[in-house]
Amino acid sequence: MAKLKVGILGATGMVGQRFISLLENHPWFEVVTVAASPRSAGKTYEEAVGDRWKMTTPMPEAVKKLVVKNVNEVEAVAATVDFVFSAVDMTKDEIKAIEEAYAKTETPVVSNNSAHRWTPDVPMVVPEINPEHMKVIEFQKKRLGTLRGFVAVKPNCSIQSYAPVLTAWAEFEPYEVVATTYQAISGAGKTFKDWPEMEGNIIPFIGGEEEKSEKEPLRIWGEIKDGVIVPAVSPVITCQCIRVPVLNGHTAAVFVKFKKKATKEQLIEKLVSFKGVPQELGLPSAPKQFIQYLEEENRPQVALDVDYENGMGISVGRLREDSVYDWKFVGLSHNTVRGAAGGAVLCAELLKAQGYITEK
């Protein structure tokens, strides 16, 4: 089977780099085009990135000599690929415009950006949770006037450590949730070398993050009505998001109230047995075990657990009854793998399996 040809928009940034490292030797997709801002255009990828390669693994040989295209030359980039991943660094309005421009060239766009997360006919998907939302693409294509071009997005990195857990517990009807997230610096596209003031420090503010963390799960749990996604109204979630001196891995401390009583054993069983379409289809990036439960009192830990299932799984621990809420737990997810590029790659695999992404 010939691999689908992929372009990376915003290829030189941290998420773009993560896409490139995750797609090395991918069984279905091959990176043939890298695009970035005009100042990088015309250089080889290796020259354009220079000393800013932020991954712990070396830059894949296959991309080093690719000549970076200008991301604003939409037709020229689109002509070389079957679909694109978007990780561009622009204003929200610019991102919306450029992603729709690519879609209108009949090039599907799978975006890591937040710009289109609330566009009513754009699916925002965690493939294990709401794969059926991709059906809204048919309505979006009518609006855009396209046959195969569309935009699909993945949600914010911060919600991955608790939204899947709450989904696994849906039958017990969680209705009120308090979550505090402890978020890694790579979520801001930084390493400690770029951001020395984060060492030994905590910053109790991440712009826009609390609203995303409270609202985006409800859109994921919503349903398609009249060609748009209508968010769920429950559970009510309130969040605080804190930046901590960790390179990769967002941890969440979460309190939950349920309408229906559940035992600890029932709750753990629901977590470890929870799977979705990616597991059933055996998608290449899907974790075999989506959620693991760790019995040790001092887990999950970033140092030990962030790379669980190649960074695509979720680790949960410290599930215990609470004196104010019903239950509390700690969750951990890899913010740039499951939470960003890896989650988008899994969305693209799902879209291929569902027939939305094909060869041009």
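In what follows, Ala, Val, Leu, Ile, Met, Phe, Trp, Tyr, Cys and Pro count as nonpolar, Asp, Glu, Lys and Arg as charged, and the others, Gly among them, as polar. The model is predicted, so local features need pLDDT of at least 70 and side-chain atom pairs count only at pLDDT 80 or more, while totals for chains, interfaces and linings use all residues. Residues are numbered from 1 along each chain as its sequence is written, and side-chain values use heavy atoms, with hydrogens and water left out.

The account begins with the sheets. Helices (H or I, at least four residues) and strands (E, at least two) are DSSP runs, numbered from the N terminus, and two strands pair if DSSP finds at least two bridges between them. Strands of a sheet pair through backbone hydrogen bonds, either parallel or antiparallel.

Another open sheet of six strands has the order E10-E7-E11-E14-E13-E12, and its pairing is mixed. Strand E10 (236–243) and strand E12 (291–294) stand at the edges with a single partner strand each, so one side of each is left without a neighbour in the sheet. From one strand to the next, the twist averages 20 degrees. E7 and E11 run antiparallel and are joined by eight bridges, with Val178 opposite Phe255 in E11. E11 in turn pairs with strand E14 (residues 327–333) in the antiparallel sense over seven bridges, and the bridge partner of His250 in E14 is Ser333. By contrast, E12 and strand E13 (residues 314–321) run parallel, joined by four bridges; here Leu294 has Gly317 in E13 as its bridge partner. Helix H9 (residues 264–273) packs on this sheet, touching E11, E12, E13 and E14, and its direction makes about 145 degrees with that of E12. Helix H8 lies across E7 and E10 and runs at about 145 degrees to E10.

The structure holds 11 aromatic pairs; rings of Phe, Tyr and Trp (its six-membered ring) pair if their centres lie within 6.5 Å, and planes under 30 degrees apart count as stacked, over 60 as edge-to-face and the rest as tilted. The rings of Phe172 and Phe258 have centres 6.5 Å apart and planes at 80 degrees, so this pair is edge-to-face. Phe172 lies in the loop between helix H7 (163–168) and strand E7 (174–183), whereas Phe258 belongs to strand E11 (residues 250–258), so the pair ties together parts that are 86 residues apart in sequence.

The pockets and the cavity remain. On a 1 Å grid over the protein atoms alone, a cavity is a set of points where a 1.4 Å probe fits but cannot get out, and a pocket is an open set with protein on both sides within 12 Å along at least five of seven lines; lining residues have an atom within 4 Å of a point. Grid points are joined across faces, edges and corners, and a volume is the space filled by probe spheres set on the points.

The largest pocket has a volume of about 1100 Å³. Its lining comprises 46 residues, of which Val15, Ala87, Val88, Asp89 and Asn113 lie nearest its centre, and divides into 14 nonpolar, 21 polar and 11 charged residues.

H1 gives the most to it, with five residues.

The structure holds one cavity of 30 Å³ or more. The largest cavity has a volume of about 40 Å³, and the residues that line it include Val125, Lys154, Arg338 and Cys347.

Technical notes
Axes fitted to C-alpha atoms, helices over the stretch in contact; angles between N-to-C directions. Contact = heavy atoms within 4.5 Å.
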